[in-house]
Amino acid sequence: MKKMNRTQQSNRIRQMVIAGMLSAIVAVLTFTPIGMIPLPPPLPNATTVHIPVLLAALVEGPVVGLIVGLVFGLCSFIRAWETGAVGLTLFFRNPLVSVLPRLIVPLAAFGVWALWRRVIKPGRVTDKAGAAVAAVIGTITNTVLCLGSIVLLYGADLTVMINEMIAAGNAEAAYLNNAGAWLVAAVGVPNGMGECFVAAFIVPMIKTAVEAVTRRTRPSASPRKEGTNQ
């Protein structure tokens, strides 16, 4: 019993350390061009900030993922108010756009990862492939929910904003009437594809490295050598 309590306590401490470390990385990425790559208005920033959120969920599970995802959302919310936002970034001042989707991202990634581990036999190659797939799904979730919520909540306002930026008579009425949706689609597809590629490439490598380090400190590793089932 004492040994189990020590194991649980050690696991909680490790999770707190990893959550704090990844949350700090999220904050740094959010408030620097490293994580928020500026694009010309009215386009939103391209982001790599979701990568620590994906790592948190895949390495330590959904609870740690939710913590880091919440930090991502709050940092995005603060940044939208702090930086004199323009274009689509203005809409991230609403927590339904900036915070809520970032709580769903780690859950989506972890769900795909858990399903992959259940269906596919574990192994070095298959685990990396599963992490890449989970990273892609998590990235798509982030893009679709953030931009989708903008269209749902601010579709009319977005269309007015875009129309004001277009010279009268230089665009067809069909485009002008749905300018907001067209812009979101035009932004979401290339941005989302680029972010998916980066996440699929980086997440499996960092995940493997983090697990190699943390595995040495897991107390549960020693009983396995003794043949106990854990």
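Select R102 in helix α5, residues 100–119. Helices here are DSSP runs of H or I with at least four residues, strands are runs of E with at least two, and both are numbered from the N terminus. This is a predicted model: local features need pLDDT of at least 70, side-chain atom pairs count only at pLDDT 80 or more, and totals for chains, interfaces and linings use all residues. Residues are numbered from 1 along each chain as its sequence is written, and side-chain values use heavy atoms, with hydrogens and water left out.

**Stop 1: around R102.** R102 is buried, at 4% relative accessible area. (Buried is under 20%, exposed over 50%, partly exposed in between, with a 1.4 Å probe and protein chains only.) Show its side chain and that of S76: they make a polar contact at 3.1 Å. Then show the backbone oxygen of S98, which lies 2.9 Å from a polar atom of the R102 side chain. (A polar contact is a pair of N or O atoms within 3.5 Å; within protein, one must be able to donate a hydrogen and the other to accept it, and residues adjacent in sequence count only if both atoms are side-chain atoms.) Beyond four places in sequence, R102 touches V53, G69, F72, G73, S76, F92, N142 and C146. Contact means heavy atoms within 4.5 Å.

**Stop 2: helix α3.** Select residues 62–82, the 21 residues of α3. From first C-alpha to last, α3 reaches 29 Å, close to the expected 30 Å. That expectation is 1.5 Å times one less than the number of residues. Buried residues in α3 include G69, F72, G73 and S76.

**Stop 3: the nonpolar patch.** Select L96, L100, I104, L152 and L153, which make a nonpolar surface patch of about 480 Å². Patch residues have over 30% relative accessible area and no salt bridge; like charges are joined within 9 Å, and nonpolar side chains (Val, Leu, Ile, Met, Phe, Trp, Tyr) within 5 Å. Areas come from the Shrake-Rupley method with a 1.4 Å probe; for residues, only the protein chains shown count as cover. Helices α5 and α6 (124–164) each supply at least two of the patch residues. L100 sits in α5 and is partly exposed at 42%.

**Stop 4: salt bridges.** How many salt bridges are there? The count is 3. The rule asks for a side-chain nitrogen of Lys or Arg within 4 Å of a carboxyl oxygen of Asp or Glu.

- Select R14 and E60: their side chains meet at 2.9 Å, N to O. R14 is in α1 (residues 2–30) and E60 in α2 (residues 50–60), so the pair ties together parts 46 residues apart in sequence. R14 is buried at 10%, and E60 is buried at 10%.
- Select D127 and R117: the closest N and O atoms are 2.9 Å apart. D127 is in α6 and R117 in α5, so this pair ties together parts 10 residues apart in sequence. R117 is partly exposed at 35%.
- Select E211 and K207: their side chains meet at 2.8 Å, N to O. They are 4 residues apart in α8, about one helical turn. E211 is partly exposed at 21%.

**Stop 5: around K207.** Stay on K207 in α8, residues 179–215. Is K207 buried or exposed? It is buried, at 4%. Beyond four places in sequence, K207 contacts L55, L58, V59, W113 and A131.

**Zoom out.** The protein has 9 helices and 2 strands. Buried residues make up 40% of its 230 residues.
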